[in-house]
Amino acid sequence: MLSTPTGAPQPRPGRPRDVRIDEAVPTAVLELLNEGGYARLTMEAVASRAGTSKPALRRRWRSRPHLVVDALATVVGTQPTPDTGCTHCDLIAGINTLTQAFTTDLGRRALPALVADLADDPELESAFLDRFFHPRRATTAEALRRGIARGDIRPDADIDLLLDMLAATTYYRVLFHHLPLTPDLAEQVVRTVLSGVATAQWRAAYRS
């Protein structure tokens with residue numbers, strides 16, 4: 001069988017896929033994480049909550065952490081950063097989706113444990129990057145390129161460095177809990193980052 005980005009085997013041609021399971025399982029994972037945390041999450045509990053069987057889960061997800069990766073992608077989402085015509089507005093909206101998701105129990109309780117599992121499981125790491133991390137990063141990169149095209153961001157700006165800087169504060173606070181994820185965090189981060197790479201055009205428009 002072929003493998004999907006989440007580590008689950010793909011059904012052979014002609015074998016119908018139960019869409020109900022695909023929809024019910026991420027919800028069940030989220031509910032159980034909120035109730036008992038990452039350490040107590042089991043395939044059996046997810047199967048029971050989703051109204052399916054453990055073998056059915058195994059046909060789609062290789063392990064418990066793969067279930068969590070899918071739940072994370074579902075909850076945080078990989079929708080494109082919006083194109084509103086306003087560079088800093090787009091970036092703030094994109095970061096806010098991270099902030100809002102990681103103020104839930106999924107972010108506080110699951111992400112640190114999941115990241116620890118990535119170190120010992122290359123397949124899980126690949127699933128995490130392909131299913132969640134890279135799609136979000138790509139859509140924010142597009143927002144930055146639109147900012148360059150509009151004349152808001154310097155054309156020589158390092159896109160990869162900006163991406164790391166924009167998301168780092170949120171991930172850092174989720175992983176170490178040293179400071180809270182505040183409602184205005186996204187705006188503070190975007191203003192700080194753009195202050196170093198914005199053009200005179202953007203600065204003048206932003207002040208006005």
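What is the handedness of the crossing of α7 and α8? A few notes on that, and on the pocket.

1. The crossing of α7 and α8 is right-handed, i.e. the near helix is turned clockwise from the far one by less than a right angle. Keep in mind that this is a predicted model, with local features needing pLDDT of at least 70, side-chain atom pairs counting only at pLDDT 80 or more, and totals for chains, interfaces and linings using all residues. Residues are numbered from 1 along each chain as its sequence is written, and side-chain values use heavy atoms, with hydrogens and water left out.

2. Helix α7 covers residues 122-150 and helix α8 residues 159-176; their axes come within 10 Å and cross at roughly 125°.

3. On the α7 side the contact (heavy atoms within 4.5 Å) includes Phe132, Phe133 and Arg137, and on the α8 side Ile159, Asp160 and Tyr171 are among the residues involved.

4. Now the largest pocket: about 240 Å³ of space lies in it. A pocket here is an open set of points on a 1 Å grid where a 1.4 Å probe fits, with protein on both sides within 12 Å along at least five of seven lines; lining residues have an atom within 4 Å of a point.

5. Of the 15 lining residues, Leu98, Arg137, Leu163, Ala167 and Tyr171 lie nearest the centre of the largest pocket. Helices α5 (87-102), α7 and α8 each supply at least two lining residues, and α8 gives the most, with six.

Notes
Axes fitted to C-alpha atoms, helices over the stretch in contact; angles between N-to-C directions. Helix = DSSP H or I, 4+ residues; strand = E, 2+ residues; numbered from the N terminus. Points joined across faces, edges and corners; volume = space filled by probe spheres on them.
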